[in-house]
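Dear colleague,

I am handing over the structure below, and I have written out after it what I found on a first reading. Please keep it open beside this message as you go through the notes.

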Protein chains: 2
Amino acid sequence: MQLDTQKAHRAFGGTQGYYRHQSAVTGTPMDFALYTPDPSRHPGPWPVVWFLSGLTCTPDNFVVKAGSQRVAAELGLCVVAPDTSPRGVDLDGDSEHYWFGKSAAYYLDASAEPWKKHYRMFSYLSQELPQVVEANFSVDLERQAISGHSMGGHGALLMALKHPGRFKRVSALAPISSFTRCPWGETAVERFFAGDLVAAEAYDPVRLLEAGAGLPRTLIDQGGSDQFLTEQLRTPLLAAALESRGVKHNLRMQPGYDHSYFFVASFCEEHLRFLAEALE
Amino acid sequence: MQLDTQKAHRAFGGTQGYYRHQSAVTGTPMDFALYTPDPSRHPGPWPVVWFLSGLTCTPDNFVVKAGSQRVAAELGLCVVAPDTSPRGVDLDGDSEHYWFGKSAAYYLDASAEPWKKHYRMFSYLSQELPQVVEANFSVDLERQAISGHSMGGHGALLMALKHPGRFKRVSALAPISSFTRCPWGETAVERFFAGDLVAAEAYDPVRLLEAGAGLPRTLIDQGGSDQFLTEQLRTPLLAAALESRGVKHNLRMQPGYDHSYFFVASFCEEHLRFLAEALE
């Protein structure tokens, strides 16, 4: 589990690091960012919050823009921001649209050529990255929660739905509710799954809920002025599925907020506190 | 005072805007960012905090990375982040070094050709930008304070030294103490002033203090692991000048912190609270 430290910055008494390792799952180098609190204030092992970012993002967006370190420092959380796709491999069509391919891998395992060799973010996040983090940092993986924004909100819900009991709580900011039924996700269905809708639906949070999967207590915030709300995010589908499955949840519409990281920053603290409550 | 809104995002209940106007002083378009709190929570007119950024920056760095909006929203501050140089004019040598020219105008008025026509950030910040802000937003310029990072820390001290009584308090994060005596500033002395050291020293905070100028109560934080501390920032010169002039100040060394915006973000809240105390 060789890990290269790319950068490390003191932040709010802890350390905001950027790390790289060679992934056996994706067959590429993978980057992630990870915050550790001040060990003299919060001796480890620390509980872990995963934050998955959206389309076009790298680990840097959440780290730089969301203001998470202040809250993680106070609460004693290790916060991990994975990348949004494999890097360093070029496949035909992987940069044609901002909503597909590089920075847009939807946290799933592709089943179709040529994608299935490298685009295995679901397996990477499920198994390999937690092992890398556990081997290199003082973390307690019995105390985990997960959150994300946009495509990363989809990813957070997906990870929690597919790993019952692993995450104590889940949250999402402006999540893509059902990628198999929105224009952004059409390209992913066509290419990652060669158009096999049934295979794709195995990674669709709303379809998983409809098929009987469950979630821990869930907080969702959605900007009321989000330019992607109606066509892409399809929040009502998620609201109905959560309701129908009896998931304990709070889905809040936030008037005036758009899809940007200013929205994420505005509610990041509440989400971290919500997640941390179950990680004591 | 025509002002174009480039972008506006809801953030922490207020509005983070990006604006552009045509400057008569610099003869170029000028950008700035400005946060206004939620008027239903804090009815205007609002006190104003100016935050000046460092080398390589645009108004975006502070706005995106420092986490200022949360604190400004709570305290009811209008926070203005000006640009770091004129834009849209190309002069020979303005992009040769990151420490001179575009994004590196040192908040002064150049006296030498070809710079003196456009590189007039001191006059721009002293007169024109406050007028533009006052004409377009509900602000109270009787209640102003100023802060900045690196070259912007130099700028904040400079502005306060040259405008006695205008700013109730001043603060700086890792300021360039004496640009006429550091390698970064050598290019500015050579080009903006054709090597006239005396002319340049009229914009050098330490030299102004030595010449008898005063400051309101001042807070300065400096990272102890800042890679620029010894050669460029020359904090001991500033410490001695503040001491010698009897300025009420608190200059704190912060062990482990570097020169990045993670340092700025870590102490931004304290600086805003320190400034706001005098703006009630």
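Glu231(A) lies in helix α8 of chain A, which covers residues 229-233, and, as with everything that follows, this is read from a predicted model. Glu231(A) counts as exposed because 10 other C-beta atoms lie within 10 Å of its own, where the limit for that class is 12 or fewer. Leaving aside neighbours within four places in sequence, Glu231(A) is in contact with Cys182(A) and Pro183(A); Pro183(A) is 48 residues apart from Glu231(A) along the chain, yet their C-alpha atoms are separated by 7.5 Å.

Is His271(A), in turn, buried or exposed? His271(A), which belongs to helix α10 (residues 261-276) of chain A, is buried, because 27 other C-beta atoms are found within 10 Å and 20 or more are enough for that class. Not counting residues up to four places away in sequence, His271(A) touches Ser147(A), Ser171(A), Leu173(A) and Leu219(A), and its C-alpha atom is 9.0 Å from that of Val170(A), 101 residues apart along the chain.

The largest nonpolar core has 185 residues, of which Tyr107(A) and Tyr107(B) touch the most other members. With residues up to four places away in sequence not counted, the residues that Tyr107(B) touches include Leu52(B), Met121(B), Phe122(B) and His154(B).

Finally, the contact between the chains takes 16 residues from chain B and 16 residues from chain A. On the side of chain B that touches chain A, the elements giving two or more residues are β1 (4-11), α1 (59-65) and α10 (261-276) of chain B, and the residues of that side divide into 6 nonpolar, 6 polar and 4 charged.

With best wishes

Terms used
Residues are numbered from 1 along each chain as its sequence is written. Chains are lettered from A and ligands numbered from 1 in the order in which they are written. This is a predicted model: local features need pLDDT of at least 70, side-chain atom pairs count only at pLDDT 80 or more; totals for chains, interfaces and linings use all residues. Two residues are in contact if their C-beta atoms, placed from the backbone, lie within 7 Å. Helices (H or I, at least four residues) and strands (E, at least two) are DSSP runs, numbered from the N terminus. Ala, Val, Leu, Ile, Met, Phe, Trp, Tyr, Cys and Pro count as nonpolar, Asp, Glu, Lys and Arg as charged, and the others, Gly among them, as polar. A nonpolar core is a set of buried Ala, Val, Leu, Ile, Met, Phe, Trp, Tyr and Cys residues joined through C-beta atoms within 7 Å.
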